[in-house]
Amino acid sequence: MALRNAILRHLRVPVQNLTVTGSNQSQIGFLGSIRAFSSHDDHLSKQDVVDRVLDVVKSFPKVDPAKVTPEVHFQKDLGLDSLDTVEIVMAIEEEFKLEIPDKEADKIDSCPLAIEYVFNHPMSS
């Protein structure tokens, strides 16, 4: 059951409406309209992710909130060191209930990369 839930949590299925017309409709009966559902009812919109990531970065003690934008780089634009970047990534993990693997976390050094990672990895339940 745990494996099934883990797989379903990362599976994305596009939503489609299929309708049947003509002579095939009587053969299909009540299945005349079929809809596929995604398992990601809790998936956030891109704007929700942007807003929450920016809030996390703005709330970091060493950051001037006025300098935070969706395009900001943690070291170049905000003057943070690598330890500060690790702390921000940990705060993002906590905010979104994610566990970011170390290999991936090491690559996140800006808001665009953080936003992209979170958007592509829905929150755990």
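**Helices, salt bridges and a pocket in a predicted chain**

The chain contains 6 helices and 2 strands, where helices (H or I, at least four residues) and strands (E, at least two) are DSSP runs numbered from the N terminus. The structure is a predicted model, in which local features need pLDDT of at least 70 and side-chain atom pairs count only at pLDDT 80 or more, while totals for chains, interfaces and linings use all residues. Residues are numbered from 1 along each chain as its sequence is written, and side-chain values use heavy atoms, with hydrogens and water left out. Read from the N terminus, the order of the elements is α-β-α-β-α-α-α-α. Of the 125 residues in the chain, 29% are buried; buried denotes under 20% relative accessible area, exposed over 50%, and partly exposed the range in between (1.4 Å probe, protein chains only).

Salt bridges were examined next. Side chains of opposite charge can pair when their charged atoms come close. A salt bridge is counted where a side-chain nitrogen of Lys or Arg lies within 4 Å of a carboxyl oxygen of Asp or Glu, and the count comes to 4 by this rule. One of these joins Lys46 and Glu116, with an N to O distance of 2.9 Å. This pair links distant parts of the chain, since Lys46 belongs to helix H3 and Glu116 to helix H6 (residues 111-120), 70 residues apart. Lys46 is partly exposed, at 36% relative accessibility, and Glu116 is partly exposed at 36%.

Another salt bridge is formed by Lys62 and Asp84, whose closest N and O atoms are 3.0 Å apart. Lys62 lies in the loop between H3 and H4 and Asp84 in helix H4, so the pair ties together parts that are 22 residues apart in sequence. Lys62 is exposed, with a relative accessible area of 54%, whereas Asp84 is buried at 4%. A salt bridge is also found between Glu104 and Lys107, at 3.8 Å from N to O. Here Glu104 is partly exposed at 31% relative accessibility, and Lys107 is exposed at 52%.

The loop between helix H3 (46-58) and H4 also holds Val68. This residue is buried, because its relative accessible area is 8%. The C-alpha atoms of Val68 and Lys58 are separated by 6.4 Å, the two residues being 10 residues apart along the chain.

Helix H4 (residues 82-96) includes Val86, which is partly exposed at 42% relative accessibility. Together with Leu83 and Met90, Val86 makes a nonpolar surface patch of about 290 Å². Patches consist of residues with over 30% relative accessible area and no salt bridge, like charges being joined within 9 Å and nonpolar side chains (Val, Leu, Ile, Met, Phe, Trp, Tyr) within 5 Å; areas come from the Shrake-Rupley method with a 1.4 Å probe, and for residues only the protein chains shown count as cover.

Val86 also contributes to the largest pocket: 13 residues line this pocket, and Thr85, Val86, Val89, Ala105 and Asp106 lie nearest its centre. A pocket is an open set of points on a 1 Å grid over the protein atoms alone, where a 1.4 Å probe fits, with protein on both sides within 12 Å along at least five of seven lines; lining residues have an atom within 4 Å of a point. The volume of the largest pocket is about 170 Å³. H4 gives the most to the lining, with 6 residues, and H4 and helix H5 (102-105) each supply at least two.

Definitions and conventions:
Points joined across faces, edges and corners; volume = space filled by probe spheres on them.
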